[in-house]
Amino acid sequence: MEPTGTKPAMEALRRALRDGVDAWRPQVQSLSQDLHANPELSFEEVRAAASITAVLAEAGFEVATGTAGLPTAFTATAGSGDLTVALCVEYDALPSVGHACGHNLIAGASVAAALALLPHVDELGITLKAIGTPAEEHGGGKALMLERGAFDGVGLALMVHPVQDGVTYNPAGTTAQAVGRYEAVFAGKAAHAAAAPHLGVNAGDAAVLSQVAIGLLRQQIPGDHRIACYVAEAGHVTNIIPDHAVVPFECRAFTLPEYEALLERVKHCFEGAALATGTTLEISAAEPLYEPLIQDDDLAAYWTEAMDAFGKDTSPSAGMGGGSTDMGNISQVIPSLHPWLSIPGANVPIHSHGFAALANTPEAYDVMFEAAVALAWTVAGAATHPQQRERFANAAYRGGALIQEATS
């Protein structure tokens, strides 16, 4: 996949991009540390969005806030080339554990790559967009933005994701699960728990039975499927038969047909619990569906070549064991790259207090900036290879506009 032009010219461009990342390192690391110190939940990332857009605007990007009707989303644009590149910026955190998914590093890598690419957008013939995508953890910000046209015209989309130590830097063949999140609500009849329990219809019992049924179902499903649930409400005092119970739940699988089949079986668990207790049941979607992740092979090859230059482990991957991302929705319709960023010494799982601490270490920031360089090199490789450039330009997404037309 040799790029157009001479090899020395490409090497000079790569040096310039690496120097660009280095030049912005102090400011971007400070930004990432500030995000880590001030975690904000999905759709509440007011400080994060303001801090990131301030840096991008200062550098010369044209910044628009409130993209796709989401107050904490943004689009920072530079250049006017016929190939539009999106660097996705995530910055939401998790309840109680903060940046235990390392979104401060995701933001830093994408922002540093965008800043390094900025002086070269005309040379590369690209329209560069750093798109702030809120609510990845819960809420499906990218799914909403995709439907509302924020990614229209984009021919390739990129970001990185930190993981624990020991995961290969080669994203080829890796994926992420589809996930759908729902809320099951049981309605019963209240009664005095001592004077007239027989007159009540116990919604709390329905919640318990649904959990038992789901627990038994787990031994009958494939090993790479996932079900999770918890009881959010099932009564408030001991002397009242609860007439209302709420059980949020989610299902995950690596393909959409498998996911849909799993969801149907889980719904049957709730329906059986309602039948057994005499309660009524309503199940509603709590968030947009996150679709499976597709890694673009050519973008993966550019990324892996860059990581080879940093001496990283780029051996073929056995695939990820679980997890989901709304980047999957983007990857279903736009050639995309979502490689895994292995943090040295991170021997604890993501979404834990331990991983949150490790996402704010010198080692984490070192690999964040290596990732920024690799993202910039990947964009440069795709933009300067004639056949790949044509493929990505022809892949420009228009679905959001079509959805808006269909619903208007």
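**View 1. Salt bridge between R181 and E250.** R181 is buried in this predicted model, at a relative accessible area of 10%. Its partner in a salt bridge is E250, with the closest N and O atoms 2.8 Å apart. Because E250 belongs to strand β9 and R181 to strand β7 (residues 178–187), the pair ties together parts that are 69 residues apart in sequence. E250 has a relative accessible area of 14% and is buried. R181 and E250 also belong to one network with R252 and E287, joined by salt bridges that share partners.

View 2. R252 sits in strand β9 (residues 244–253). This residue counts as buried because its relative accessibility is 15%, under the 20% cut-off. The side chains of R252 and S324 make a polar contact of 2.9 Å. Beyond neighbours within four places in sequence, the contacts of R252 include Q177, R181, D224, H225, L262 and G323.

**View 3. Salt bridge between D326 and K142.** The two side chains meet at 2.8 Å, N to O. D326 is in the loop between α8 (297–309) and α9 (327–331), and K142 is in helix α5 (residues 141–147), so the pair ties together parts 184 residues apart in sequence. Both D326 and K142 are buried.

**View 4. Salt bridge between D298 and R391.** The N to O distance between these side chains is 3.0 Å. D298 in helix α8 and R391 in helix α12 (residues 386–394) are 93 residues apart, and the pair links distant parts of the chain. D298 is partly exposed at 21% relative accessibility, and R391 is partly exposed with a relative accessible area of 31%. The whole structure has 13 salt bridges.

Note on methods. Residues numbered from 1 in each chain as written. Predicted model: local features only at pLDDT ≥ 70, side-chain atom pairs only at ≥ 80, totals over all residues. Heavy atoms only, no water. Helix = DSSP H or I, 4+ residues; strand = E, 2+ residues; numbered from the N terminus. Buried < 20%, exposed > 50% of the residue type's maximum accessible area, 1.4 Å probe, protein only. Polar contact = N/O pair within 3.5 Å; in protein donor to acceptor, adjacent residues only side chain to side chain. Contact = heavy atoms within 4.5 Å. Salt bridge = Lys/Arg side-chain N within 4 Å of Asp/Glu carboxyl O.
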